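Have a look at the model first, then read on.

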Amino acid sequence: QWVVPSQVEQCLREHPAVAECAVAACQVRGLAYLCAFVIAVEPNADAALAGDILRYAKSRLARHMRPVKVAFVSELPRTVTGKLQRHRLQSQE
């Protein structure tokens, strides 16, 4: 099903440990799923925090809108005008 990334991102940004995030497709076992690329409030983000963010999303989003993976990044790729470059996130995966 079609998913509007901004809806998922808005939900994830409501998590207290998420400073900024973006959602893009990633390959998991040969299939495309949503992955969340997160800039954490605290620099010591770990697997426990990733699990907490996924549980948070599970409690607030429909199944087809939930990311299956959280990747912590230091910055999100943007153009000079500030537009998010999702295709660069997909290539990071």
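In helix α2, the buried residues are Leu49, Ala50, Gly51, Ile53, Tyr56 and Ala57; buried means under 20% relative accessible area, exposed over 50%, and partly exposed in between (1.4 Å probe, protein chains only). They pack against α1 (5–13), β1 (18–28), β2 and β3 (69–72). Helices (H or I, at least four residues) and strands (E, at least two) are DSSP runs, numbered from the N terminus.

A word on the source: this is a predicted model, where local features need pLDDT of at least 70, side-chain atom pairs count only at pLDDT 80 or more, and totals for chains, interfaces and linings use all residues. Residues are numbered from 1 along each chain as its sequence is written, and side-chain values use heavy atoms, with hydrogens and water left out.

How far apart are the end C-alpha atoms of α2 (residues 47–60)? They sit 20 Å apart, which agrees with the 20 Å that its 14 residues should span at 1.5 Å a residue; the expected span is 1.5 Å times one less than the number of residues.

Now for strand β2, which covers residues 31–40 and includes Tyr33.

| Residue | Relative accessibility | Class |
|---|---|---|
| Ala32 | 55% | exposed |
| Tyr33 | 33% | partly exposed |

Leaving aside neighbours within four places in sequence, Ala32 is in contact (heavy atoms within 4.5 Å) with Cys26 and Gln27. Arg55 is 23 residues from Ala32 in sequence, and their C-alpha atoms are 20 Å apart.
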